[in-house]
Amino acid sequence: EIVRLVNGLSDNAGIFVNLFGRLDPLAAKRRETKVDFLLYDALFGAVTVFDKECHDNGIQVVLDCPKGIKLSGWKQDIYTIMVNLLDNSLFWLVEKECVERRINITVSKVDGGFSLDYTDSGPGISDELLESGVIFEPEFTTKPNGTGLGLSIAGEAATRNGLILTAVQRDNGAHFNLS
């Protein structure tokens, strides 16, 4: 009985380590003051994290972003948003065995700011889930072993930086806009 309990504690500790690691971007108390950074650098950094996984699964990621767009905020938050979006896309592109495996990240300058469109060729998000907005709520997931924290954390990270992250209806694949 003791061995069973100890093994259970070990398993739960691993789960908590993973959970707190994902919550780390929400820890505002350690957050430094805002700094200026290049949007391209944050996007490129997030994309390169998945280079091997994309290569191994035949997934093409196209990043089209002017290199001169500066933001004032927390680069780590932009990185967190993108890592969550990319992680979701990679999961669903592989899980649903999509024939076309492509992710596009397109940034345009708009009235002193920017608009980022993130699309993939995966199974997409149902209209019902998009209309309800439930995908950004904590604990909501459609992944078999998902935590339901990814898009919630991404939305909070966007808000902290004065940005808006929205899911857009699309016939094929997922579409998010960050502006």
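**A walk through the chain**

Guide: A place to begin is S89, which lies in helix α4, and please keep in mind that what you see is a predicted model.

Visitor: OK, is S89 buried or exposed?

Guide: S89 counts as buried, because its relative accessibility is 3% and the cut-off for buried is under 20%.

Visitor: And which residues is S89 in contact with, leaving aside its neighbours within four places in sequence?

Guide: Once those neighbours are set aside, S89 is in contact with I103, Y118 and D120. Taking I103 from that group, S89 and I103 are 14 residues apart in sequence, and their C-alpha atoms are 7.7 Å apart in space.

Visitor: What about L85, where is its place?

Guide: L85 has its place in helix α4, and L85 is buried, with a relative accessible area of 3%. Leaving aside neighbours within four places in sequence, the contacts of L85 are with Y118, L151 and F176. L85 and T119, for their part, are 34 residues apart in sequence and 9.5 Å apart in space, C-alpha to C-alpha.

Visitor: Let's zoom out: how many helices and strands does the chain have?

Guide: The secondary structure comes to six helices and seven strands, and along the sequence these follow the pattern α-β-α-α-β-β-α-β-β-α-α-β-β.

Visitor: How much of the chain is made up of buried residues?

Guide: Of the 179 residues in the chain, 36% are buried. As for the surface, the chain exposes about 10500 Å², and carbon and sulfur atoms supply 52% of that area.

Visitor: And the contacts, what share of them joins residues at least 24 apart?

Guide: If you take contacts between residues at least 6 apart in sequence, 70% of them join residues at least 24 apart.

Visitor: New topic: how many aromatic pairs turn up in the whole structure?

Guide: A search of the whole structure finds three aromatic pairs. One of them is F91 with W92, whose ring centres are 4.8 Å apart and whose planes stand at 85 degrees, so this pair is edge-to-face. F91 counts as partly exposed, at 25% relative accessibility.

Visitor: And F136 with F176, what kind of pair is that?

Guide: F136 and F176 are also an aromatic pair, and theirs is edge-to-face, with 6.3 Å from centre to centre and 85 degrees between the planes. Since F136 lies in the loop between α5 (127–132) and α6 (150–160) while F176 is in strand β7 (residues 175–178), the pair ties together parts that are 40 residues apart in sequence. F136 is partly exposed, with a relative accessible area of 22%, whereas F176 counts as buried at 6% relative accessibility.

Visitor: What lies over the face of Y40?

Guide: That is K67, which lies over the face of Y40 at 4.9 Å from the ring centre.

Note on methods: Residues numbered from 1 in each chain as written. Predicted model: local features only at pLDDT ≥ 70, side-chain atom pairs only at ≥ 80, totals over all residues. Heavy atoms only, no water. Helix = DSSP H or I, 4+ residues; strand = E, 2+ residues; numbered from the N terminus. Buried < 20%, exposed > 50% of the residue type's maximum accessible area, 1.4 Å probe, protein only. Contact = heavy atoms within 4.5 Å. Areas by Shrake-Rupley, 256 points an atom, 1.4 Å probe, with all protein chains shown as cover. Phe/Tyr/Trp six-rings, centres within 6.5 Å; stacked < 30°, edge-to-face > 60°. Lys NZ or Arg CZ within 6 Å of the ring centre and 35° of its normal.
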